[in-house]
Amino acid sequence: MSNYSMKRVDLHAGRVELHDLLQLTGCEVSCNTLPQGASVPFVHHHTNNEELYIVLDGAGTLFIDGEELPLAAGDCFRIAPAGARCIRAAEDSALHFLCVQTRAGSLEGYTMSDGVIDEKGDKPSWLR
Ligand code: ZN
């Protein structure tokens, strides 16, 4: 079995979920575009998963636990499982964002506490 899976997706399609496309085992990632004036049509929370949202482009509003916060490119926010949330695009702008969903409290190591630099073996042509 290969150590990787790869797909090219249309980042401006309405919503693309990567879990099944890439056989992800530790998270779900969705690439989302809300057209101007559009909203996710429901408020939701999660049972076990926290969500990281990364606003790539556009403008909109985040509803979270009764608050309404403006969104702009570069905004990154985590929502705990119990947070009641909804997102909409601004009346005059589409909203492009990524959402990473993962089990709250599951991360044990990251970056250099989990990554291991491979000193031996194949290297890419640009590191030879
Ligand atoms: Zn969610």
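Tutor: Buried here means under 20% relative accessible area, exposed over 50% and partly exposed in between (1.4 Å probe, protein chains only). The model is predicted, so local features need pLDDT of at least 70 and side-chain atom pairs 80 or more, while totals for chains, interfaces and linings use all residues. Residues count from 1 along each chain as its sequence is written, and side-chain values use heavy atoms, without hydrogens or water.

Student: Okay, is Asn32 buried or exposed?

Tutor: Asn32 is buried, because its relative accessibility is 6%.

Student: Switching topic, which residues hold the zinc ion?

Tutor: The protein donors (N, O or S within 2.8 Å, or 3.2 Å for Na, K and Ca; water is absent, so sites may look incomplete) are His44 and His46, each through NE2, and Glu51 through OE. They sit 2.0 to 2.1 Å from the zinc ion.

Student: How are those donors spaced in sequence?

Tutor: The pattern reads H-x1-H-x4-E.

Student: And are the histidines buried or exposed?

Tutor: His46 is buried at 16% relative accessible area, whereas His44, at 23%, is partly exposed.

Student: What about aromatics, how many pairs are there?

Tutor: Two aromatic pairs, counting Phe, Tyr and Trp (six-membered) rings with centres within 6.5 Å; planes under 30 degrees apart are stacked, over 60 edge-to-face, the rest tilted. Tyr53 and Phe77 are stacked because their centres are 5.1 Å apart and their planes at 10°.

Student: Which residue does Tyr53 pair with in the tilted pair?

Tutor: Phe97, with ring centres 5.9 Å apart and planes at 40°. The ring pairs join Tyr53, Phe77 and Phe97 into a cluster.
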